[in-house]
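Here are my notes on the helix packing and one of the pockets. Have the structure open while you go through them.

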Amino acid sequence: MVRKLSPEEQPWCIDKETGEPIINKGVQNVCIDKSTICYIDGYHSKLFYRGYSIEDLAKYSNFEETTFLLLNGYLPTKNELEDFKTKIINEREIPDKVIDLLKMIPRDIEPMEMLRTAVSYLGNLDPERHDISRDGFYNKAIRLIAKMPTIVAYFYRIINDKELVHPNDGMNHAENFLYMFLGRDLEEIEKDAIDTAFVLYAEHEMNASAFTTVVIASTAADYYSSIVGGIGALRGPLHGYANVEAMRQFNEIGSVDNVEKWFKEYILTKKKRLMGFGHRVYRSYDPRAKIFRQYAEKLAKMRGGKILEIFKIANKLEEVALSSPLAEKGIYTNTDYWSAIVYGALGVPTDFFCTLFAISRVVGWTAHILEYTENNRIIRPRLFYVGEVEKEYIPIDKRT
Ligand code: CMC
């Protein structure tokens, strides 16, 4: 006999008043905990880390200070910040075994897949990998935050047959990353742009990758497992990889003259997604995108050539999209749209964009893991079962 379940048999899923199942597809608007890390007002383009506006942090703070703020909950004193910076500087170099691994990874792999593998391996080598105390956890986080830029920069240089450029203790975190990556000193505008980018990407509440890290941490698994999971979630084009796809989309459009035709054909007719647009929480212009846009314009004009053409395409495309039915639905520019131009103008190849996102977002992931597990409860949602039950098992040789 085969039967379907009645709603009464899954009472945890049923709204008592309507008798209908309550399904939050995509876990939309479900709060899994209280938090003091980040607040997004998606209707008014507002974002706060630990109560401080993203505009103020982008203007007055820097990646190290913002990292301290996110992990500890308050702005550091001068001494605390110096001490924190020194700790990070001392942890920048990566073990030779990780460098050997980077040399073995296929050169045509997506850099995010390299990062997932390398971070996992780094976890195997961490001296405190079995220490699950909060101090042990914090120390591992500092090590990983310090080492992820080195992994990305070294991989880029290895696959391009360039000499490794080792960390420079005199440089701050973001500048040092781009210096190791490009193999040259940076101009002031470049230092400012990369540091601001790292601040803007450091945290963003309970997004898909943060949730992934917290789900893994809630099982009492180790720190590196959580972060590897976060990298995996970030790699999807609906999330962090959107900055890669946004740049590919600008290139595919090819010219300002083609923007309107392309938008009509691909977005309005074929219903493809405009990459770098739309967000689960924002129904207004992403405040990070506003800041990225200013840097994109400055850098593109300064560089000229191909990246200026791309900036013009992006600018026209945004104008068209913001006066289209997308905007009427609340679909606006998100952070990945303009960060793509900034990264491109800084000389980072498109397929590496998402690794820059991960290098800074590891901070937010860590803050959420620390906060959630302080008073941990395993994350274990339910599904509303609509299949059959009590079916007769038929041996394989009797199946038709
Ligand atoms: N282009 C065209 N249509 C869109 C877009 C878009 N970028 N975003 C949403 N829609 C449409 C969607 O097709 C749906 O239409 P309908 O109601 O007719 O079915 C409606 O808007 C609602 O969309 P949704 O899929 O329910 O929205 P969501 O909250 O589930 O998805 C999103 C959010 C970010 C995945 C989505 O907006 C998207 O795919 N954007 C493009 C990828 C992107 O830029 N991602 C980066 C997000 S910001 C940084 C980050 O988190 O990494």
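1. Helix α10 crosses α17 in the right-handed sense (right-handed if the near helix is turned clockwise from the far one by less than a right angle, left-handed if anticlockwise). This is a predicted model, where local features need pLDDT of at least 70 and side-chain atom pairs count only at pLDDT 80 or more, while totals for chains, interfaces and linings use all residues. Residues are numbered from 1 along each chain as its sequence is written, and side-chain values use heavy atoms, with hydrogens and water left out.

2. The axes of α10 (residues 223–234) and α17 (residues 353–374) come within 10 Å and cross at roughly 135 degrees, so the two helices are oblique to each other. Helices here are DSSP runs (H or I, at least four residues), numbered from the N terminus. Axes are lines fitted to C-alpha atoms over the stretch in contact, with angles from 0 to 180 degrees between N-to-C directions; under 35 is roughly parallel, over 145 roughly antiparallel, 65 to 115 roughly perpendicular and the rest oblique.

3. On the α10 side, Tyr223, Ser226, Ile227, Gly230, Ile231 and Leu234 meet a set of α17 residues that includes Phe357, Val362 and Trp365 (contact means heavy atoms within 4.5 Å). By class, that contact has 10 nonpolar, 3 polar and no charged residues. Ala, Val, Leu, Ile, Met, Phe, Trp, Tyr, Cys and Pro count as nonpolar, Asp, Glu, Lys and Arg as charged, and the others, Gly among them, as polar.

4. α17 also packs with α11 (residues 242–253): their axes come within 7 Å and cross at roughly 155 degrees, which means α11 is roughly antiparallel to α17. Asn243, Val244 and Met247 of α11 touch Phe353, Cys354 and Phe357 of α17, a contact with 5 nonpolar, 1 polar and no charged residues. This crossing is right-handed.

5. Now α2 (residues 63–72) and α8 (residues 188–201): their axes are 9 Å apart at an angle of about 15 degrees, so they are roughly parallel. The crossing is left-handed. Phe63, Glu64 and Thr66 of α2 contact Asp195, Phe198 and Val199 of α8, and these divide into 3 nonpolar, 1 polar and 2 charged.

6. Finally, the second largest pocket holds about 750 Å³ of space. Its lining has 22 residues, and Asn24, Val27, Val30, Pro381 and Arg382 are the closest to its centre. The lining divides into 14 nonpolar, 3 polar and 5 charged residues. A pocket is an open set of points on a 1 Å grid over the protein atoms alone, where a 1.4 Å probe fits, with protein on both sides within 12 Å along at least five of seven lines; lining residues have an atom within 4 Å of a point. Points are joined across faces, edges and corners, and the volume is the space filled by probe spheres set on them.
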